[in-house]
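Colleague: Hi! I have a new model open and would like a hand reading it. Could you walk me through it?

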Amino acid sequence: MTRAQLTDAEWVLIEPYLPIGEYGPYPERLRQQFEGVIWRFRTGGQWREVPKEFGAWSTVSNRFRQWRDAGVFEALMEGLIAEAAKRGEVDLSLVSVDSTTVRAHHDAAGMHLGPDALAALEKAAGEAEKARQKGEARRNKTGGTPQVTRNGQNGDASGGGASSG
């Protein structure tokens, strides 16, 4: 059977976090659609592969997006953590962050620049900007960058670079 099948105890914890009314008039189908979302992420399948027993795949997909945008999953996670904390079942040693997807600013890593290093970086950035502006001015004077043809001669139309005769 393909159903994710939440137990009644699990559903009792989850149901209060799912918005009823605002995102659909059929609360009896919320469990079916929520299990469809679970099935999709548990199997790694495509939305179009969601079994019909969870409802139309497009409905399940739309419901997931609505819940995501409304912050339902964040609220659900916080609520479940709070419930587990009440029961004394929270083990924060199991919490991890995948560093391949989380990029921290260099300040977060403890990098501190002294005034000399900061001044040198600002000076280098200023020089780079001047060089960039100088290059733009040179291109604007000539009407573009000079182009060299295959025979190594200048490709302008004046004929000054071409040999005559």
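Modeller: Happy to! One term to start with: helix axes are lines fitted to C-alpha atoms over the stretch in contact, and angles run from 0 to 180 degrees between N-to-C directions. Also, this is a predicted model, where local features need pLDDT of at least 70 and side-chain atom pairs count only at pLDDT 80 or more, while totals for chains, interfaces and linings use all residues. Residues are numbered from 1 along each chain as its sequence is written, and side-chain values use heavy atoms, with hydrogens and water left out.

Colleague: Thanks! How do the axes of helix 3 and helix 4 cross?

Modeller: They come within 5 Å and cross at roughly 65°. Helix 3 and helix 4 are therefore roughly perpendicular to each other. For the labels, angles under 35 degrees count as roughly parallel, over 145 as roughly antiparallel, 65 to 115 as roughly perpendicular and the rest as oblique.

Colleague: Which residues make that contact?

Modeller: Phe 64, Trp 67, Arg 68 and Ala 70 do it from helix 3, and Val 72, Phe 73 and Glu 74 from helix 4. Contact here means heavy atoms within 4.5 Å.

Colleague: Let me step back. How many helices and strands are there?

Modeller: The protein has 5 helices and 0 strands, giving the pattern α-α-α-α-α along the sequence. Helices (H or I, at least four residues) and strands (E, at least two) are DSSP runs, numbered from the N terminus.

Colleague: And what share of the protein is buried?

Modeller: Buried residues are 20% of the 165 residues. Buried means under 20% relative accessible area, exposed means over 50%, and partly exposed is in between (1.4 Å probe, protein chains only).

Colleague: Let's look at helix 2. Why call it largely enclosed?

Modeller: Because 10 of its 14 residues are buried, helix 2 is largely enclosed by the rest of the structure. The buried ones include Leu 30, Phe 34, Val 37 and Trp 39, along with Gln 32 and Arg 40. They pack against helix 1, helix 3 and helix 4.

Colleague: What happens just after helix 2?

Modeller: Gly 44 takes a positive phi of about 80° there.

Colleague: How do helix 2 and helix 3 cross?

Modeller: Their axes come within 9 Å and cross at roughly 90°. That makes helix 2 roughly perpendicular to helix 3. Among the residues that meet there are Phe 34 and Phe 41 in helix 2, with Val 60 and Trp 67 in helix 3.

Colleague: Which residues of helix 3 are buried?

Modeller: Val 60, Ser 61, Arg 63, Phe 64 and Trp 67. Seen down the axis of helix 3, these fall within an arc of 160°, so they line one face of the helix. The arc is that of the directions from the helix axis to the C-beta atoms. What covers these residues includes helix 2 (30-43) and helix 4 (72-87).

Colleague: Nice. What about helix 4: which residues are buried?

Modeller: Val 72, Leu 76, Gly 79 and Ala 84. In helix 4 the arc is 135°, so its buried residues line one face as well. They pack against helix 1, helix 2 and helix 3.

Colleague: Now the core. How many residues are in the largest nonpolar one?

Modeller: It has 17, and those with the most contacts inside it are Trp 11, Ile 14, Leu 18, Phe 34 and Trp 67. Helix 1 (8-14), helix 2, helix 3 and helix 4 each supply at least two residues, and helix 2 gives the most, with 5. A nonpolar core is a set of buried Ala, Val, Leu, Ile, Met, Phe, Trp, Tyr and Cys residues joined through side-chain atoms within 4.5 Å.

Colleague: What does Phe 34 touch?

Modeller: Leaving aside neighbours within four places in sequence, Phe 34 is in contact with Leu 6, Trp 11, Ile 14, Leu 18, Trp 67, Phe 73 and Leu 76.

Colleague: Last one: where does Glu 83 lie?

Modeller: Glu 83 lies in helix 4 and is partly exposed, with a relative accessible area of 24%. Glu 83 and Leu 13 are 70 residues apart in sequence and 8.5 Å apart in space, C-alpha to C-alpha.
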